[in-house]
Amino acid sequence: MIETNDLILDKAKQEDWLSMYKNVWSRSESFQYMVIENSPNQQEAQARMERTIAFQQGRESYTVYLKSTREAIGFTGIAPLEGNTWEETGICIGPDFWGRGYGWQILRALLAHAKELGAKEFVYSSWAENLASRALAAKAGFVQYGTEKHVREHDGKEYTLLKFKLSLADKTDWLFRTPEGICHVRVAAVLIRGGRLLAQKSGGTYALPGGHLRFGETTVEALVRELKEEMGVEAACRRLLWTEENFWRWGDREAHNLCYYYLIDANGSAPEEGVLMRDNDSVTFHWLPIAELDEVEIYPTFLKTELPNLSDYPKHFIRRD
């Protein structure tokens, strides 16, 4: 069983045939972009549930249930390919449950589960016409690597299948630990729109979006990657604004952080107020009026003095907490 915020992915049970028939199998919309057909009547749905239960045994194949009611509303799964590569075998949700973010919850859960099973690469497929599916691939950071032409057997419909892949291999952050403490390199984005600054909120404090530098990356490459992963933003770095050396206590250890702050363009794709970070549901994004930054707890604190009048050249700061 796999859980998300609102869903449970679990093995099918015979008593769920009616909700699957009502929500999914009887609905032609559910199968618009699939090679299988819908079930025309309840008798066929009961037989289909028997086949589903048998098929799911021994496979990473699941029925999708609402966590709040345990109502069956879809199906999904993953399967191994060669080596350490896995693929999704479909994400199907009944039409009455579209537009609620369930597809994103399922895809995130499948990626995490595949990684637990040892996957280093994940393959995702989408009909070219299925814009919602393609948007999911883009949101998760998949890269298209090919196309395939097919003909659906039961009705002769020709379709193009887009093939995407995503690396799940862990990459090492520019971070090291010693008995004395910890040191890492971070990059951060300064995105300003209409006199407001984009910030991320965790608990009661704000900070700039960004993340850790990885070995082999430039700071610009790292920031572009982090914004894509966390917000789905296709960013471009305009110029370096500040560098900072930050020293503080982390529990009983010393911490030393180096940070590069870039002014960026988001090409119109920045998140709306209150949107959750993709890989951390406890962090939300907010647009803060620059003129009112003195009223909030935000780090680094020099933002309150530097943002109203940006310098034409990079500045360097040293902070000891």
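Which residues in helix 1 meet which residues in helix 2? In this predicted model, W17, L18, M20, Y21 and W25 of helix 1 meet Q42, A45, Q46, R48, M49 and T52 of helix 2. The two helices pack at an angle of about 105°, with their axes 9 Å apart, and that makes helix 1 roughly perpendicular to helix 2.

Helix 1, which spans residues 17–25, is mostly covered, since 7 of its 9 residues are buried. The buried residues are W17, S19, M20, Y21, N23, V24 and W25, and what covers them includes helix 2 (42–56) together with strand 3, strand 4 and strand 5.

**Overall dimensions**

The protein contains 6 helices and 20 strands, and its C-alpha atoms fill a box of roughly 70 × 45 × 40 Å when taken along the principal axes. Of its 321 residues, 46% count as buried. Among contacts between residues at least 6 apart in sequence, 63% join residues at least 24 apart.

An open sheet is formed by 8 strands in the order 1-2-3-4-5-6-8-7, with mixed pairing. Its edge strands are strand 1 (2–3) and strand 7 (143–151), each of which pairs on one side only.

| Strand pair | Sense | Bridges | A facing pair of residues |
|---|---|---|---|
| Strand 6 and strand 8 | antiparallel | 7 bridges | F122 and L166 |
| Strand 7 and strand 8 | antiparallel | 8 bridges | K149 and T160 |

Strand 6 covers residues 121–127 and strand 8 covers residues 158–167. Helix 4 (residues 131–140) packs on the sheet, where it touches strand 6 and strand 8, and its direction makes about 155° with that of strand 6. Strand 7 and strand 8 form a hairpin with 6 residues between them, and within the turn G156 has a positive phi of about 75°.

**The nonpolar cores**

The largest nonpolar core has 30 residues, and those with the most contacts inside it are L9, I73, L107, L111, F122 and F142. The elements that give two or more residues to this core are strand 2 (7–10), strand 3 (60–66), strand 4 (72–80), strand 5 (85–93), helix 3 (102–116), strand 6, helix 4 and strand 8. Helix 3 supplies the largest share of the core, 8 residues. In soluble globular proteins, nonpolar side chains tend to be buried together.

A second, separate core of 19 residues includes L241, Y261, L263 and L303.

**Helix 3 against helix 4**

The axes of helix 3 and helix 4 come within 11 Å and cross at roughly 50°, and the two helices are therefore oblique to each other. The crossing in which helix 3 passes helix 4 is right-handed. On the side of helix 3 the contact is made by G103, W104, L107 and L111, and on the side of helix 4 by L136, K139 and A140.

**Backbone details in two loops**

R70, which lies in the loop between strand 3 and strand 4, has a phi near 60°, a positive value in a residue other than glycine. R70 is partly exposed, with a relative accessible area of 32%. The other feature concerns a peptide bond: the one from Y299 to P300 is cis, with omega near 0°, and P300 is found in the loop between strand 19 (298–299) and helix 6 (303–306).

Notes
Residues are numbered from 1 along each chain as its sequence is written. This is a predicted model: local features need pLDDT of at least 70, side-chain atom pairs count only at pLDDT 80 or more; totals for chains, interfaces and linings use all residues. Side-chain values use heavy atoms; hydrogens and water are left out. Two strands pair if DSSP finds at least two bridges between them. Helices (H or I, at least four residues) and strands (E, at least two) are DSSP runs, numbered from the N terminus. Contact means heavy atoms within 4.5 Å. Axes are lines fitted to C-alpha atoms, for helices over the stretch in contact, and angles run from 0 to 180 degrees between N-to-C directions. A nonpolar core is a set of buried Ala, Val, Leu, Ile, Met, Phe, Trp, Tyr and Cys residues joined through side-chain atoms within 4.5 Å. Buried means under 20% relative accessible area, exposed over 50%, partly exposed in between (1.4 Å probe, protein chains only). Angles under 35 degrees count as roughly parallel, over 145 as roughly antiparallel, 65 to 115 as roughly perpendicular and the rest as oblique. A crossing is left-handed if the near helix is turned anticlockwise from the far one by less than a right angle, and right-handed if clockwise.
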